[in-house]
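This briefing covers charged side-chain pairs. Start with the sequence and structure below.

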Amino acid sequence: MNAPPLPLPKRILLIEDNADLAYGLRNNLEIEGYHVEVAGDGAKGLTRARVAKPDLVILDLMLPGMDGFRVLRTLRADGHVIPVLILTARGEEADKVRGLRLGADDYVTKPFGVLELLARVEALFRRASPRHNGDGPEPASLRFGDTEVLTPSRTVLRRGEAVLLTPKEYDLLVALLRRNGACATRVELLTEVWGYSAEVMSRTVDTHIAELRRKLEQDPANPRHIVTVRKTGYRLDR
């Protein structure tokens, strides 16, 4: 009997203008079994993303010519749902938030450790959606305040109007809703929503929570529903 064919390696497009950094990242990703293509500027990267349709894009935001924001905005406007991991400079919180608003799935802050980057890449490749913590089927509608979540279509409505959430913002919101008011730690949310191991700590959760508050709370600075539990994590009060 013939052995089943081996699965094809995941294809990553790395858009990075720093040749030394791109060389190192490519080597480490290829060691992990990924197929990696490198584009040295935004215009070339956008063209390759459209033509090659990779499984993941790693996108530096500070690129010559067409910067990473324009690349990301154009990809999403074209309807591409390729997962995008953005690379941001240390201390540039506004860049992280802007990238997430444009549809990035996650970010890594330079300088970063290779193990952290690999963990995030692996997590983004996990196909399984977060598990439902219950015995019954997923409810078709979940509510809190003036917000309704329609789970079959992954649609979020606030006062009857659709609210555009990124895939990870949606998954995070549902993870909180499923707990029925119980607190979720940052580690639990990183593991459930992003698939990270407990050893990988990140401000990713905090940044996504801030975006959910901006989009869904009446007063994001004084949230009524998406509440911080000091030194622990978050809960959602209905």
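A salt bridge here is a side-chain nitrogen of Lys or Arg within 4 Å of a carboxyl oxygen of Asp or Glu. By this rule the count is 22 salt bridges. The model is predicted: local features need pLDDT of at least 70, side-chain atom pairs count only at pLDDT 80 or more, and totals for chains, interfaces and linings use all residues. Residues are numbered from 1 along each chain as its sequence is written, and side-chain values use heavy atoms, with hydrogens and water left out.

**Terms**
- Helices (H or I, at least four residues) and strands (E, at least two) are DSSP runs, numbered from the N terminus.
- Buried means under 20% relative accessible area, exposed over 50%, and partly exposed in between (1.4 Å probe, protein chains only).

**Glu37 and Arg48**
- Their side chains form a salt bridge, N to O at 2.5 Å.
- Glu37 sits in strand E2 (residues 35–39) and Arg48 in helix H2 (residues 42–52), so the pair ties together parts 11 residues apart in sequence.
- Glu37 is partly exposed at 25%, and Arg48 is partly exposed at 30%.

**Arg120 and Glu116**
- This salt bridge has an N to O distance of 2.7 Å.
- Both residues lie in helix H5 (residues 114–125), four residues apart, about one turn of the helix.
- Arg120 is buried at 2%, whereas Glu116 is partly exposed at 26%.

**Arg179 and Glu192**
- The closest N and O atoms of this salt bridge are 2.9 Å apart.
- Arg179 is in the loop between helix H6 (167–177) and strand E10 (184–185), and Glu192 is in helix H7 (residues 186–194), 13 residues apart.
- Arg179 is buried at 17%, and Glu192 is buried at 17%.
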